Amino acid sequence: MSVPDAKERWSGKITTVTIGATPAEGGTRGSTVTLGGEAGIPFLSFDGETPNPPAIALDVLDVEPADWPGPLAQVYSDVWSDPAAWAKRVKELGADLVNLRLVSIHPDEGDRSPEQAAETVKAVLEACDLPLIIWGCDVPEKDQRVMPKVAEVAQGENCLLGAVTEDEYRTLTAAAQAYGHKLIALSPCDINKAKQVNILVTDMGYPLEDIIIYPSTASLGYGMEYIYSILERGRLAALSGDKLMAQPVLLDVGLEAWRAKEARTGDEAAEVWGPAAHRGPLWEAVTATDLLQGGCDLLIMRHPRAMEAVRKAVSQLIEA
Amino acid sequence: MIIFSERINGMYRDVRRAINEKQKAVVQQLVKEQVDGGADVIDINLGPTKGDPVENFVWLAETVHEVTDKPLSLDSAKPDVLTEATARVKQVLPETKLIINSSTAVPEVMAKLISAAAENGAGIIGLTMDQEGVPGNVEKRVECGATFLMTAMEGGLSPDDIYLDPIILPVNVAPKQPWNVMEAIRQLAVVNDPPPKFIIGLSNISQKCLMNRLINRTYLVMCIAAGLNAAIMDAADKELVEAAITAEVLLEKHLYSDDYIKAWRMQKGLA
């Protein structure tokens, strides 16, 4: 008796989105990153191909971080007062993209002006030729003033801008559309809203093919399984043919993993938890590799050793 | 939900006249409305029109195809007309998917139409009835449905191309039939893996009923819950289509979002 073929036949496929533009494409990036394109469940090569392994962006803040623990300080403290130098470091460490957070435009974190933010973006673009992700500060009134300016100075670079939500999407969508950037669509742990944001943004005439889904993120030990099940349901809907869920997915793993006390606590806990130098990167790497199984295309991370561990796991999964 | 447009049917006076007088514009306007409403397949039925039926089918198919490349379902109760029309339409529109509507479970009829479907890469609708006529109960529907399905698969058709139609009759003359049809769908869906598709000619349930649109809408939702996945219906009836989408959202066939109707239309490229 022959063994029945248990392969799934999916009618849908994740869209592909390219971030960055080389001189030939009207930008100044040294490379571009293409996300998505999966035709099956993550890492089941018999089910469908994974043409683009998950990409990794490393974090760069536009101000010196106030609360980054020792293992991160060790890697970045000599450059973190200068976002341009920090971006260079991120490239040296082997990141695929730079993830720039405009923390200092926040009214309580420096309240820097749109012009100052634009200068920072320009400086980062000049210092480092990786494709760029740019986030506002999550205060809609401020982001609405800053992000159009930022989008304008980065015109031609095909950046990824974050983030539009169900309530706040018009200004950033218009800016991305006007200056040729891709968009992050945020829906905090709510799959129905993930679809809704895509409908709203597309309804403004923004192409569905230029959107990245960001379902928010939770780390190991802090609700990761909720995000996992959202990833899984979203991916199954996409593969079953739901075009409004077929966009590549981004996860902000570094930020969430390094908020966990298990990652942050120093060597005072070493006797029970092991040395901080390993614990933090490990917490980040485990969060990332777990969530990747649910279906994710772009990881934002912090520690280079965590990034390397994730890359190693991915290459083994894709080869297998 | 696979929506077969019911509107291009010679039983409607405007369509009959358009076929008799070869007025393309009348037909094409109706087709556009049906496609815009969400029709996936255009059912074409000559009704009591004049002239050679095969030629009329070819004319009608070409007329429809000028405004949409959707699949066409050729609708006739005459097996010989269907066999010939399927081959002819395939010849003039080789890229268009065809569905033969319909065969019964009568052996000679099945043999003829299933091989016509297989030869032309067409789908086929099988009515759950045999020489004894429309069954008055569930059991006979299931028996005829199973016979048709088995014969069609033996004839080389994939389950994807096979539709079973448990035959709905007007509620005002056959009040037990609406439930029988739903139960037949349920039973046929359970015993066959992979299951075929299930289709009904929806408007038949409310023939000569005053509240026909409400009856159609309500019954369509009930049948979807029983496992129906296609219907010959008025795709331009917005409330009907929206009720069907809502039923499918409630069965988790589509992922919910606040604008799920719009999402469904976007998905079809209609928004």
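Two residues are in contact if their C-beta atoms, placed from the backbone, lie within 7 Å. Helices (H or I, at least four residues) and strands (E, at least two) are DSSP runs, numbered from the N terminus. The model is predicted: local features need pLDDT of at least 70, and side-chain atom pairs count only at pLDDT 80 or more, while totals for chains, interfaces and linings use all residues. Residues are numbered from 1 along each chain as its sequence is written, and chains are lettered from A and ligands numbered from 1 in the order in which they are written.

**Helix 6 of chain A**

- A residue is buried if 20 or more other C-beta atoms lie within 10 Å of its own, exposed if 12 or fewer, and partly exposed in between, with C-beta atoms placed from the backbone.
- After helix 6 of chain A comes Gly205(A), with a positive phi near 95°.

**Where the chains meet**

- Chain A gives 11 residues to the contact and chain B gives 10 residues.
- On the chain A side, helix 6 (residues 191-203) supplies the largest share, six residues.
- That side of chain A has five nonpolar, three polar and three charged residues. Here Ala, Val, Leu, Ile, Met, Phe, Trp, Tyr, Cys and Pro count as nonpolar, Asp, Glu, Lys and Arg as charged, and the others, Gly among them, as polar.
- Lys195(A), Ile199(A) and Thr202(A) of helix 6 of chain A meet Lys262(B), Ala263(B) and Met266(B) of helix 10 of chain B.
- The residues of this helix contact comprise three nonpolar, one polar and two charged.
- The axes of the two helices are 10 Å apart, and the helices pack at an angle of about 65°. Axes are lines fitted to C-alpha atoms, for helices over the stretch in contact, and angles run from 0 to 180 degrees between N-to-C directions.

**Nonpolar cores**

- A nonpolar core is a set of buried Ala, Val, Leu, Ile, Met, Phe, Trp, Tyr and Cys residues joined through C-beta atoms within 7 Å.
- The largest core has 100 residues, of which Val98(A), Leu132(A), Leu183(A), Ala185(A) and Ile212(A) touch the most other members.
- Helix 7 (residues 224-239) of chain A contributes the largest share of this core, seven residues.
- A second, separate core of 75 residues includes Ile8(B), Ala105(B), Leu113(B) and Cys223(B).

**Backbone details**

- The peptide bond between Gly162(A) and Ala163(A) is cis, with omega about -5°, and Ala163(A) belongs to strand 6 of chain A.
- A cis peptide bond also runs from Asn101(B) to Ser102(B), with omega near 15°; Ser102(B) is in strand 4 (residues 98-103) of chain B.
- Asn158(A), a residue other than glycine, has a positive phi near 50°. Asn158(A) counts as buried because it has 24 C-beta neighbours inside 10 Å.
- Lys22(B), also not glycine, has a positive phi near 55°. Lys22(B) is exposed, with 12 other C-beta atoms within 10 Å.
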